[in-house]
Amino acid sequence: MVQAQPPMSEPLLTLNAMHTHIGQFHILQGVDMVVPRGGVSALLGRNGAGKTTTLRTIMGLWPASQGSIRFDGKEIGKLTTPAIAQSGIAYVPESMAIFSALTVKENLYLAAREGEMDSVRLEWIFGFFPALKKFWNYPAGNLSGGQKQMVAIARAIVEPRKLLLIDEPTKGLAPAIVHNLIAAFRELKTTDTTILLVEQNFSFVSALADHVAVMDDGRIVHAGAMRDLAEDQKLQQRLLGLSLDSHQ
Amino acid sequence: MHPSATTATPVTATAPDALPQVPHDIAPLLLVPLLALLMLPLVGSLPIWITLTVAGLAMGMMIFIMASGLTLIFGLMGVLNFGHGAFVSVGAFTATLVFLPLRGWLEVDSLLLNLGVLGLAILLAMLVTGILGWAFERVIIQPVYGQHLKQILITTGGMIVAEQLINVIWGAEQIPLPLPASFRGAFLLGDAAIEKYRLIAVIVGLTVFAVMFLVLNRTKIGLLIRAGVENREMVEALGYRIRRLFVLVFAAGSALAGLGGVMWGLYKETLTAAMGGETMVMIFIVIIIGGLGSVGGCFIGSLLMALVVNYAGFLAPKLALVSNILLMITVLLWRPAGLYPVAQH
Ligand SMILES: Nc1ncnc2c1ncn2[C@@H]1O[C@H](COP(=O)(O)OP(=O)(O)O)[C@@H](O)[C@H]1O
Ligand SMILES: [Mg+2]
């Protein structure tokens with residue numbers, strides 16, 4: 001399994017003193033974060049900490065009012081959302097935002113900007129999301145919550161992208177489907193794609209992530225290796241208000 | 001770097017994947033035939049009922065042509081264009097640039113020749129209103145994206161300016177627009193009289209609907225428009241420039257209003273600069289009934305409204321004026337977001 005390590009040692013994504021205002025509210029107050037190339041980086045934090053706002057700002061859906069966003073060697077902080085997407089970032093929002101009137105096939109077809117969907121890649125996706133094959137020509141709005149999440153993730157990976165931003169993919173899903181997602185993400189980890197994963201489900205994220213950053217009140221309050229946080233219950237308690245018995 | 005990579009195991013223990021039903025929401029589709037059948041005993045005479053029904057369908061088709069663009073314009077960008085009616089008027093007046101010089105050919109009782117002239121007039125009207133729509137979007141709409149109050153004010157202003165310009169160019173008098181010779185008169189179907197022009201209107205309306213249906217369901221641009229009506233942010237996050245899509249929709253919607261204006265002008269057989277503005281009430285009613293952003297809903301809403309107006313005109317003339325409002329209230333009580341709610345706004 002080859003992880004292409006680019007010559008430059010610059011991280012794939014670097015947020016530097018990033019501020020975001022929504023209306024008059026100052027939501028992100030200087031976010032500094034680094035996402036290394038390859039693997040899964042987790043972004044954790046309690047509800048309302050600013051995780052979704054961080055992803056939306058990277059995507060250009062909220063404008064950063066200050067600071068810089070460097071992606072793959074280029075400043076993207078002033079680009080429009082479509083230009084950011086074209087630079088190689090795919091986004092799976094918290095709401096999934098699948099197009100419910102369109103079929104599963106049409107949802108994926110629109111995500112394939114190159115025009116045609118690569119059939120080998122599709123079979124690879126069907127390998128871990130078999131429901132998509134089954135419901136290929138069904139309106140996506142008719143699928144269950146877990147299947148919709150599969151559509152949303154499949155849309156992000158139907159063509160190779162450098163970075164996936166995934167916002168709370170396990171929210172509201174049954175444990176069996178969460179299992180399915182873990183398998184899918186493990187499979188994704190074998191590719192060149194880097195994942196920035198926002199999660200509340202600590203056991204899910206600790207099973208997958210290599211790096212972790214914790215956010216509170218619009219700032220990063222901890223960054224390091226996932227393993228270190230997973231092994232340190234006191235730190236978890238302090239940062240996330242979790243203890244081992246409070247998560248499954 | 002990640003030797004832990006496993007081959008994914010499809011979890012068959014997840015939800016038993018019963019094939020879901022494809023949700024064909026057909027209740028709204030049934031409304032049109034249901035309404036027509038209900039009215040038959042009330043009208044009491046089959047020939048009169050046929051005449052009224054065909055008249056309603058023809059009027060509905062023309063309203064659909066005028067309204068269909070506006071529902072997408074609102075659905076895609078949440079833009080309230082109170083100036084849409086200007087394109088109806090401009091389309092109709094532009095057609096006179098073909099009709100008046102070719103008056104002689106319109107007097108010849110040849111269906112082919114008359115249709116040829118009509119086709120030419122429609123082509124020119126759509127071209128002019130399409131280009132004007134494109135410019136209108138760039139100059140007037142773009143500065144007020146997302147600001148509904150300003151949109152209402154500035155597009156209403158645009159409409160007034162357009163009406164005055166028509167008065168300047170074509171004069172303030174109303175212009176008679178007689179039907180081409182072969183479109184005049186009626187067929188007899190048993191005892192029922194069916195005006196020929198109404199049949200032409202129905203055919204044109206069905207054609208427009210079919211083309212829009214194909215474009216929206218079978219082309220990438222059409223799929224992007226439907227996706228954008230549902231969630232424009234996500235279309236952008238997939239890497240598409242929604243504003244380019246919107247300019248296209250705006251120009252096409254304006255061209256359709258222009259086409260509708262030609263058909264409507266021939267139906268009324270006179271043109272006034274205010275004719276487009278006068279259709280706006282009906283246009284708003286049908287796109288609200290249909291569900292903002294839904295072309296199918298707009299189609300059904302147009303037919304329903306026109307049928308109701310025609311039946312009411314016969315059964316209870318005093319009610320005819322308010323019958324379309326009553327219809328809208330009734331539909332919204334049943335489905336508060338319209339027959340086919342799709343838009344995100
Ligand atoms: N559209 C919005 N308007 C105003 N405030 C918002 C909006 N979206 C999020 N916020 C506020 O920003 C803060 C961070 O929200 P969010 O990024 O969604 O947190 P998280 O994803 O970590 O739960 C919260 O206090 C939330 O109330
Ligand atoms: Mg969130």
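The points below concern a predicted model and are grouped by topic.

**Surroundings of ligand 1**

- The shell around ligand 1 is made up of A:I22, A:F25, A:I27, A:R46, A:N47, A:G48, A:A49, A:G50, A:K51, A:T52, A:T53 and A:W62.
- Both β2 (25-35) and α1 (51-58) of chain A provide at least two residues of this shell, and α1(A) gives the most, with 3 residues.
- The side chain of A:K51 places an N or O atom 2.8 Å from an oxygen atom of ligand 1.
- Backbone atoms also approach the ligand: an N or O atom of A:G50 lies 2.9 Å from an oxygen atom of ligand 1, and a polar backbone atom of A:A49 is 3.2 Å from an oxygen atom of ligand 1.
- Ligand 1 exposes 560 Å² when taken alone, and the protein buries 62% of that area.

**Two glutamates in loops of chain A**

- A:E199 is located in the loop that runs between β8 (194-198) and α8 (202-208) of chain A.
- Although A:E199 is buried, it has no salt bridge; A:K51, the nearest side chain of opposite charge, is 9.0 Å away.
- The side chain of A:E199 does make a polar contact of 2.9 Å with the side chain of A:T170.
- Leaving aside residues up to four places away in sequence, A:E199 touches A:L43, A:L44, A:E168, A:P169, A:T170, A:F204 and A:V205.
- A:E116 occupies the loop between α3 (104-111) and α4 (119-128) of chain A, and its relative accessible area of 66% makes it exposed.
- The C-alpha atoms of A:E116 and A:E159 are 9.9 Å apart, while the two residues are separated by 43 residues in sequence.

**Salt bridges**

- The count over all chains comes to 14 salt bridges.
- B:D25 and B:R335 form a salt bridge in which the closest N and O atoms are 2.6 Å apart.
- This pair links distant parts of the chain, 310 residues apart: B:D25 is in the segment before α1 (27-43) of chain B, and B:R335 is in the segment after α13 (317-334) of chain B.
- B:D25 is partly exposed, at 31% relative accessible area, whereas B:R335 is buried, at 18%.
- B:E137 and B:R138 meet through their side chains in a salt bridge of 3.9 Å, N to O; B:E137 is buried at 0% relative accessibility, and B:R138 is partly exposed at 37%.
- B:R198 and B:E195 form a salt bridge with the closest N and O atoms 3.7 Å apart; B:R198 is buried at 15% relative accessibility, and B:E195 is partly exposed at 38%.
- In chain A, salt bridges that share partners join A:R37, A:D72 and A:K162 into one network.

Technical notes. Residues are numbered from 1 along each chain as its sequence is written. Chains are lettered from A and ligands numbered from 1 in the order in which they are written. This is a predicted model: local features need pLDDT of at least 70, side-chain atom pairs count only at pLDDT 80 or more; totals for chains, interfaces and linings use all residues. Side-chain values use heavy atoms; hydrogens and water are left out. Helices (H or I, at least four residues) and strands (E, at least two) are DSSP runs, numbered from the N terminus. Buried means under 20% relative accessible area, exposed over 50%, partly exposed in between (1.4 Å probe, protein chains only). Lys and Arg count as positive and Asp and Glu as negative; His and the chain ends are not counted. A salt bridge is a side-chain nitrogen of Lys or Arg within 4 Å of a carboxyl oxygen of Asp or Glu. A polar contact is a pair of N or O atoms within 3.5 Å; within protein, one must be able to donate a hydrogen and the other to accept it, and residues adjacent in sequence count only if both atoms are side-chain atoms. Contact means heavy atoms within 4.5 Å. A residue is near a molecule or strand if one of its heavy atoms lies within 4 Å of it. Accessible areas come from the Shrake-Rupley method with a 1.4 Å probe; for residues, only the protein chains shown count as cover.
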